[in-house]
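These are my notebook entries on a protein structure. I set down here what I looked up, entry by entry.

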Amino acid sequence: MRLDDDLLEFFRQPLMCIIAAADASGRPSAGRGVGFHILEDREAIEIIFSAWQWPRLEADIRQTGKLAATFVSPSDYVSFQLKGRATLRDTEALDIGRADRFITAATNELESLGVPRRLIAPWLTVREAKVVQLAVSETYVQTPGSLAGMLAGTRLS
């Protein structure tokens with residue numbers, strides 16, 4: 001599934017990210033993404049997360065090859081969830097730079113909304129960073145309201 005221009009525009013603002021997987025028995029695991037990069041073909045996104053902070057995620061992704069990633073704009077709660085097949089790859093220096101920029105933008109945005117910086121810092125770390133590539137097969141609106149849960153691009157009659 002190719003990400004459309006509206007979704008690309010959404011990804012240009014400060015965001016928060018929650019990623020979720022499950023093991024083979026269906027037991028869920030979740031954690032925070034601390035950076036991302038949309039691949040040139042716009043059919044996949046790479047998400048950086050801390051395996052130190054969220055240790056079960058790596059094992060669950062390797063076991064099932066599935067992932068859901070929810071991105072939220074803290075300023076207005078506009079949210080989208082991407083689902084699909086997932087593979088892990090080694091972290092490179094470029095990924096750490098992306099994570100640092102993501103963390104700075106998210107921290108500044110949350111602080112502007114009244115969340116003290118000292119409370120934000122423990123949520124966002126690159127310690128033992130891993131990169132998961134999500135081949136997007138489904139995109140859902142998660143913004144609270146009448147479209148919540150619907151496939152992105154769906155219109156109400």
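**Entry 1: helix α2 and its neighbours**

Against which strands do the buried residues of α2 pack? I note first that the model is a predicted one. I found that the buried residues of α2 pack against β1 (16-22), β2 (28-38), β3, β4 (66-72), β5 and β6 (129-141). I then looked up which residues of α2 are buried, and they are L57, E58, D60 and I61. The helix itself covers residues 55-64. Just after α2, I recorded that G65 takes a positive phi of about 70 degrees.

Side chains of opposite charge can pair when their charged atoms come close. D60 and R56 form a salt bridge through their side chains, with N and O 3.6 Å apart. Both residues belong to α2 and are four residues apart, about one turn of the helix.

I turned to R89 and E46, whose side chains meet in a salt bridge at 2.8 Å, N to O. This pair links distant parts of the chain, for R89 lies in strand β5 (residues 79-89) and E46 in strand β3 (residues 44-50), 43 residues apart. With a relative accessible area of 24%, R89 is partly exposed. E46 counts as buried, because its relative accessibility is 8%.

R98 is buried at a relative accessible area of 17%, and D95 is buried at 1%. I recorded that salt bridges with shared partners join E46, R89, D95 and R98 into one network.

**Entry 2: charges overall**

How many salt bridges does a search of the whole structure find? The search finds 10. I also noted 18 positive and 20 negative side chains in the protein, and the centres of the two sets lie 5 Å apart.

**Entry 3: the whole fold**

I then recorded the fold as a whole. The protein has four helices and six strands, and their pattern along the sequence is α-β-β-β-α-β-β-α-α-β. Of the contacts between residues at least 6 apart in sequence, 68% join residues at least 24 apart.

**Entry 4: size and surface**

What radius of gyration does the protein have? It has 15 Å, which agrees with the value near 15 Å for a compact globule, because the chain has 157 residues. I noted that the C-alpha atoms fill a box of roughly 45 × 40 × 30 Å, taken along the principal axes. Of the 157 residues, 43% count as buried. The accessible surface comes to about 8,400 Å², and 53% of this surface belongs to carbon and sulfur atoms.

Key: Residues numbered from 1 in each chain as written. Predicted model: local features only at pLDDT ≥ 70, side-chain atom pairs only at ≥ 80, totals over all residues. Heavy atoms only, no water. Helix = DSSP H or I, 4+ residues; strand = E, 2+ residues; numbered from the N terminus. Rg over C-alpha atoms; globule rule 2.2 N^0.38 Å. Buried < 20%, exposed > 50% of the residue type's maximum accessible area, 1.4 Å probe, protein only. Contact = heavy atoms within 4.5 Å. Areas by Shrake-Rupley, 256 points an atom, 1.4 Å probe, with all protein chains shown as cover. Lys, Arg positive; Asp, Glu negative; His and termini not counted. Charge placed at Lys NZ, Arg CZ, Asp CG, Glu CD. Salt bridge = Lys/Arg side-chain N within 4 Å of Asp/Glu carboxyl O.
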